[in-house]
Amino acid sequence: MTSVQTDLWEELRTTALLGTDRRPLPPASGTGALAAAAGAVDRGDPAAALLELAALATVRRRAGLLPVPAGPPQPAAPPDQRRALPDAAARRLAVLLSGRGSGTGSGTGSGTGVGALANLAELLPQWLAGARELDYRPPAALVPALLDAARARSELRGDAVALAGPLGRWLAEHNPDWSYVRRTAVESRAAGSEQTWHEGLFAERVTHLTRLRRSDPPAALELLRGTWSTERAEDRLLFLDALQEGLSEADEPFLEAALGDRSKNVRTTAAELLSTLPGSALGARMAERARALVQVADGRLLVSPPTACDSAMQRDGIAPKSPTGRGERAWWFGEVVAATPLAAWTTGFDLTHDQLLALPVSADDGDPADGEDGSDSWRDDLREAWARAAVRQQDARWARALLGPAPRRAGSVRTAGSPAKLLAVLPPAERAAWTSSFLQTHGLGDAFQLLGACATPWTPPLSTAVVAALERAAASGAYPWSHSGVLGMTERSLSPATAPAVEALAADASPDSAWAETFGRLAGTLRFRAAMLAELNDNG
């Protein structure tokens, strides 16, 4: 910039900072052409004139720039061998990324008739997961918007980065806003390397270990063993989590050693892993403790909770103090039972799980913590601990027995543990059937977590039960927003085949009512989802 330009620009900048009411505009100056153009500016409105003079100075400066030698060309992005998205699916992605509703002629070209209020943010994850599963290559022009969307929503990153492919990683190297790609992209690479484990970012190391664990569990264990003593406690904890996949008796010596780790959380996690390992020494130790705590006598289960948490129990992951503030003996008892192999109960007492669950429970020592009758408290504690064990050990038979049939009326039966967690242990079809039965009796009030445990898209029977429950909620005078959680879930989980039924509800609802709007929007969303899933599978 020449001195003339610099002076003019500085004067303009000072005037802008102080305000044109406190500092007059600089006079026209500079070269002949610049002075003439500046002199022609109408100074009747000083603020507008200031901007015009600044524009003149900027144009002159840019026009005077001399070209510089071009830098070396950047290497091109690696080729992407995946097949291209179908045209309609590519247009759909553009709509989802822009957040534009349809019904506005947005160019989706599908004529799906989606409601104007459809929540596209709810549908983008499902679209990305579907496209990733089919291993498509997105249009290059949409990759920046895809990376931007995943930058704002971390839950999208796994699918978005995988879909963006090598072009996405190449772009991320040139834009720090997309630096998260480096931490996420490793999962989609064909093969990691030991260099990643030793030199990568923490997220890259976790991903590398997880991937290696899936393909070669012993190698992953050996890799972890090699650097274990030098890792930070919080890192050891997450690395240990990676061993859940492919857990086998070959991992037991390493996990047994981790029971002596200096980090309490690491010790607890190692104990939980060992308690899910059939035939582990920890499981045998817990079973021995459990046998001393629960006996069968006179057709009852007699509970004698621990009186202390000795060092051996603590080494096996039982904390001496309850983190929830409950009674210590009840806490120790629950921890022992939850970590005991469920098979130890049936074989030890020669009873089935149904027979065990049917037995009355009472305390054997008259501890005041049992309550006045000394029965209900320990029965609940025992069933809660069995429920935790069923979830931890993914035992469908025990989970089914603990859940029982769906309660036929509110408050009729209290299920031990978390029903949603127990439900997640069952096969998908059984989960959906149980939840459908629950909805028919209880409606939507307590169904949010149960529905969240069901596989998506929901089965047609479950979808029908949800629609019927919505209809009953509308007829009862409830407001839609009192079920906003379930309604949000229906947008991404309800079977598209229920769209006609939802449209019928919209038509039957009072015009301009909240339920009419809710049903209309839901029907539009279902149509939208049906169309977008069909487009992804369109190979024509």
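Is Asp235 buried or exposed? Asp235 turns out to be buried, with a relative accessible area of 8%; here buried means under 20% relative accessible area, exposed over 50% and partly exposed in between, with a 1.4 Å probe and protein chains only. The model is predicted, so to speak of local features takes a pLDDT of at least 70, and side-chain atom pairs count only at pLDDT 80 or more, while totals for chains, interfaces and linings use all residues. Residues are numbered from 1 along each chain as its sequence is written, and side-chain values use heavy atoms, with hydrogens and water left out.

Asp235 has a charged partner. Its side chain meets that of Arg232 in a salt bridge, at 3.1 Å from N to O; the term stands for a side-chain nitrogen of Lys or Arg within 4 Å of a carboxyl oxygen of Asp or Glu. Arg232 is partly exposed, at 49% relative accessibility. In general, side chains of opposite charge can pair when their charged atoms come close. A search of the whole structure turns up 24 salt bridges. One of them joins Glu335 and Arg388, at 2.4 Å from N to O. This pair links distant parts of the chain, with Glu335 in helix α17 (residues 328-338) and Arg388 in helix α20 (residues 376-392), 53 residues apart. Helices (H or I, at least four residues) and strands (E, at least two) are DSSP runs, numbered from the N terminus. Glu335 counts as buried at 13% relative accessibility, whereas Arg388 is partly exposed at 31%. Another bridge holds Arg527 and Glu503, whose closest N and O atoms are 2.8 Å apart. Arg527 sits in helix α28 and Glu503 in helix α27, so this pair ties together parts that are 24 residues apart in sequence. There is also a network of salt bridges, which links Glu256, Arg285, Arg289, Arg315 and Asp316.

Next comes the nonpolar interior. A nonpolar core is a set of buried Ala, Val, Leu, Ile, Met, Phe, Trp, Tyr and Cys residues joined through side-chain atoms within 4.5 Å. The largest one has 96 residues, and those with the most contacts inside it are Leu240, Leu301, Trp345, Trp386, Trp398 and Leu451. Apart from this core lies another, of 33 residues, with Leu128, Leu147, Ala164 and Val181 among them. Leaving aside neighbours within four places in sequence, Leu301 is in contact with residues including Val294, Phe349, Leu356, Pro360, Leu382 and Trp386, contact being heavy atoms within 4.5 Å.

The structure holds 10 aromatic pairs; rings of Phe, Tyr and Trp (its six-membered ring) pair if their centres lie within 6.5 Å, and planes under 30 degrees apart count as stacked, over 60 as edge-to-face and the rest as tilted. Trp197 and Phe239 form a tilted pair, 4.9 Å centre to centre with 55 degrees between the planes. Trp197 lies in helix α9 (residues 194-199) and Phe239 in helix α12 (residues 233-241), so the pair ties together parts 42 residues apart in sequence. Both Trp197 and Phe239 are buried. Trp197 also has Arg205 over its face, at 4.2 Å from the ring centre; a charge sits over a ring if NZ of Lys or CZ of Arg is within 6 Å of the ring centre and within 35 degrees of the ring normal. Elsewhere, ring pairs link Trp345, Phe349, Trp386 and Trp398 into a cluster.

Helix α25 (residues 460-475) is worth a look too. Leu462, Val466 and Leu470 are among the buried residues of α25, and what covers the buried residues includes α23, α24 (448-453), α26 (484-493), α27 (499-508) and α28 (514-536). In the loop between α24 and α25 is Pro457, joined to Thr456 by a cis peptide bond with omega of about -5 degrees. Just after α25, Gly477 takes a positive phi of about 90 degrees.

Positive phi values also turn up in residues other than glycine. Asp298, with phi near 55 degrees, is found in the loop between β3 (294-297) and β4 (300-303) and is exposed, with a relative accessible area of 78%. Asp512, with phi near 65 degrees, has its place in the loop between α27 and α28 and is exposed at 82%.
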